[in-house]
Amino acid sequence: MSFNVAKALQHRVILLTGSEPALVRHGLDDLISQAGLQKDDYDLEEFSGDSSYPNDWLASVGTYPFLADRRVAVIRNAQKVKPEDVSLSSLQALPETALLIFVMLPDSGDESRSGGKKAGLEKVVTTSGGLVAKFEADPKQISEMLRAEFGKRGKKVMPRTMDLFVEMTGGSYSYALEELEKVVLYSDEDTVSDHTVRTVVVASRDWNVWKMIDALTSGNIQESLRQLQIIMGNKSKVEDIAFQQLFPLVSRQLRLLYQGRICVENNCRPDNLPEKVKALFPAKPNLGGERPFVQGAIMRAAQNLTLEQVIEAMDELSRADSALKGLGTSFSGIDTIERLVFNLSVTLAAKRA
């Protein structure tokens, strides 16, 4: 996104949010720098949304600056702030020298509750006359943005290798930046290789789920079980990771595969859908709105499946979900999940016309 720092500094209250932590942090650094401050300055104070109170921030930011033009208070973990505790009138009464910055990063906790707080805090900020700046990376620009970062470090990346890197990091620019440093460190040549990316990058859980399903569709049960072990990790309670992560991700991929097969049968691409096909797709997940690398992977797999196979796979997932909840036969949690993988491998095997 394009963030106009000068325009943002015309406000006294600013909320920085978005799905890309790296861009949010960069925006925060720009704000503090343009306000004439740097880390540990007297007129800059930081708080955490889960261990401080609104009165603390307001008292700090309302103090007249001593060595700068603005008095800045940064509230990190703003997703933990209760919007109802923030006084709208107090925000509106802040002096012109005040700059209150809320920093809200993606929360790995209860998304429903954090989502409600996010919307509530956004409303408080905008109603007080403040600015809400959302930092998102354009999926179509992520590869070029990362290529530029590799270039700054003296490395070249071929298109195929970049596609692999973006896929393994789940299309997240922020996560890719974290992994990029390791790739650069372990790359002996000027051009980054596929081997280095596969060896060094810690793949996102989405990638592992997709590799598991991809292995299932190709009949490679051994590889799919290996990916399952990676997904499950060392969690002591199998049911927790199954319900919170594995099942939702598998369900999402199967729904995208269903949409991909519809595209195949209608001879169209997900990035250029005719209205009659677009009307068949749900709002979420919507293949037409997915990142290019996701669309490509889904379409490749959908070529070898039928709608009936995908529907059967969804039914298998539903039965496994019921079994883990005590509504079906289940010897143990891990046994149920491993049987699910085996059943999916049979269901998603070679195309049945």
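Is Ser52 buried or exposed, and at what relative accessibility? Ser52 counts as buried because its relative accessibility is 13%, where buried means under 20% relative accessible area, exposed over 50% and partly exposed in between (1.4 Å probe, protein chains only). The model is predicted, so local features need pLDDT of at least 70 and side-chain atom pairs count only at pLDDT 80 or more, while totals for chains, interfaces and linings use all residues. Residues are numbered from 1 along each chain as its sequence is written, and side-chain values use heavy atoms, with hydrogens and water left out.

Ser52 is located in the loop between strand S2 (44-48) and helix H3 (54-61); helices (H or I, at least four residues) and strands (E, at least two) are DSSP runs, numbered from the N terminus. A polar atom of the Ser52 side chain lies 2.6 Å from the backbone oxygen of Ser48. The side chain of Ser52 also makes a polar contact with the side chain of Trp57, at 2.9 Å. A polar contact is a pair of N or O atoms within 3.5 Å; within protein, one must be able to donate a hydrogen and the other to accept it, and residues adjacent in sequence count only if both atoms are side-chain atoms. When residues up to four places away in sequence are not counted, Ser52 touches Phe47 and Trp57, contact meaning heavy atoms within 4.5 Å.

Glu122 is part of helix H5 (residues 111-127). With a relative accessibility of 15%, Glu122 counts as buried. Not counting residues up to four places away in sequence, Glu122 touches Leu15, Thr17, Val132 and Lys134. Pro95 is 27 residues from Glu122 along the chain, and the C-alpha atoms of the two are separated by 21 Å.

The largest nonpolar core has 90 residues, and those with the most contacts inside it are Leu16, Leu146, Phe165 and Leu246. Helix H12 (residues 238-265) supplies the largest share of this core, 13 residues. A nonpolar core is a set of buried Ala, Val, Leu, Ile, Met, Phe, Trp, Tyr and Cys residues joined through side-chain atoms within 4.5 Å. Leu246 touches Val209, Met212, Leu228, Ile231, Met232, Ile241 and Ile337, not counting residues up to four places away in sequence. Another core, of 20 residues, lies apart from the largest one and has Ile75, Val81, Leu91 and Ala98 among its members.
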